[in-house]
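Have the structure open while you read.

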Amino acid sequence: MRASIVGRLRAAGCVFAEDEADLLIAAAPTADQLDDMVQRRVSGLPLEHVVGWAEFCGLRIAVRPGVFVPRRRSEFLVGQAIAAARQSASPSGPWLVVDLCCGSGAVGVAVAAGLSTLGQVELDAADIESAAVQCARANVTTVGGNVYQGDLYEPLPPGLAGRVAVLVVNAPYVPTSEIAMMPPEARLHEPLVALDGGPDGVMFHRRVAAGAPDWLAPGGCLLIETSERQAPQTAAAMTAAGLMAVVSMDEELDATVVIGTLAAGA
Ligand SMILES: C[S@@+](CC[C@H](N)C(=O)[O-])C[C@H]1O[C@@H](n2cnc3c(N)ncnc32)[C@H](O)[C@@H]1O
């Protein structure tokens, strides 16, 4: 049975056919369901949507069709957020973490899990898409957090203004004209609203950066995942908003993050 599944997956172009077969076999409750899951994978659905979860920062994050699958490269964003928090002064209350454009909530949940060794953490996450919000609720409630639906900062509780220690954002950053060149798994199975970053891909970064000083605590950090090519524009948006911006990269993960800090005396 395993050999036949591996063969079907390989014929469909799955590079890690053996690993995928093992995951599908482990996830399927019955033989009929296994056959259905293999069929959905062979037809091009992302593996994570088929099995219902993605591994991210060592955590099992629930994902569902129509929701962006958290990428391995975003683990760098998580690591940078935790490192930035460690370098800043401890808050008098809990660490307030906000994950904007949260999708499944993977980034916020992983940051909250990482910071929990430093003290109490409060996680608030938001996304504009109802499928993402429902999915994020399943993940974010495991760390006692809240999920809101709306455009960027608009749905956040006003009481968070000026108090956020860590603001993590993996917003859409693919330039509109490059969406057509994305792999079919993303292009066909993830919503356009999760991918399209506007004409130059930096549209959301500008809006997020402009709003950040109203929400960050003095000394708090905004961290935005971007690309190496777009990083100067993402950093410029933060500088224009009055944040001190630093670009950080990881070659192995092909990951770029811009970190903007609000002055401690702000
Ligand atoms: C690239 S996905 C990243 C999801 C998640 N942060 C992650 O890394 O897995 C971008 C997310 O931004 C959301 N989004 C797009 N436009 C938005 C907006 N105006 N306000 C809030 N969320 C938005 C999409 O629904 C999508 O879930």
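## Loops, ligand and cysteines

Asp 254 sits in the loop that links strand 8 (244–250) to strand 9 (255–261). Keep in mind that this is a predicted model. The phi of Asp 254 is near 55°, a positive value in a residue other than glycine. Is Asp 254 buried or exposed? Its relative accessible area is 52%, and since the cut-off for exposed is over 50%, Asp 254 is exposed.

Cys 57 also has a positive phi, about 50° here, although it is not a glycine. You'll find Cys 57 in the loop between strand 1 (53–56) and strand 2 (59–62). With 31% relative accessibility, Cys 57 counts as partly exposed.

Next, have a look at the loop between helix 7 (130–140) and strand 5 (146–149), which is where Gly 144 is found. Gly 144 counts as exposed because its relative accessibility is 59%.

Leu 100 takes us into strand 3 (residues 95–100). Its relative accessibility is 0%, so Leu 100 counts as buried. Over at helix 1 (residues 2–11) we have Arg 2, which counts as partly exposed at 37% relative accessibility.

Here's how several of these residues pair up with partners elsewhere in the chain:

| Residue pair | Sequence separation | C-alpha to C-alpha distance |
|---|---|---|
| Leu 100 and Ala 126 | 26 residues | 5.2 Å |
| Val 143 and Leu 123 | 20 residues | 7.7 Å |
| Arg 2 and His 189 | 187 residues | 26 Å |

Now for helix 5 (residues 74–87). How does the distance between its end C-alpha atoms fit with its 14 residues? At 1.5 Å a residue, helix 5 should span 20 Å, and its end C-alpha atoms are 20 Å apart, so the two agree. Helix 5 has a list of buried residues as well: Ser 74, Phe 76, Leu 77, Val 78, Gln 80, Ala 81, Ile 82, Ala 84 and Ala 85.

On to the ligand. Which of the 17 residues around the ligand come nearest? Those are Cys 101, Asp 127, Asp 151, Leu 152 and Asn 170. By class, the shell around the ligand is made up of 11 nonpolar, 3 polar and 3 charged residues.

Cys 101 brings a polar backbone atom to 2.8 Å from a nitrogen atom of the ligand. Asp 127 uses its side chain instead: an N or O atom there is 2.6 Å from an oxygen atom of the ligand. Then there's Ile 128, with a backbone N or O atom that lies 3.2 Å from a nitrogen atom of the ligand. How much of the ligand does the protein cover? Taken alone the ligand exposes 590 Å², and the protein buries 97% of that.

That leaves the cysteines. How many disulfides does the structure hold? The count is 0. Cys 14, for its part, counts as buried, because its relative accessibility is 7%.

How values were computed. Residues numbered from 1 in each chain as written. Predicted model: local features only at pLDDT ≥ 70, side-chain atom pairs only at ≥ 80, totals over all residues. Heavy atoms only, no water. Disulfide = S-S within 2.5 Å. Buried < 20%, exposed > 50% of the residue type's maximum accessible area, 1.4 Å probe, protein only. Near = heavy atom within 4 Å. Polar contact = N/O pair within 3.5 Å; in protein donor to acceptor, adjacent residues only side chain to side chain. Areas by Shrake-Rupley, 256 points an atom, 1.4 Å probe, with all protein chains shown as cover. Nonpolar A, V, L, I, M, F, W, Y, C, P; charged D, E, K, R; others polar. Helix = DSSP H or I, 4+ residues; strand = E, 2+ residues; numbered from the N terminus. Expected span 1.5 Å × (residues − 1).
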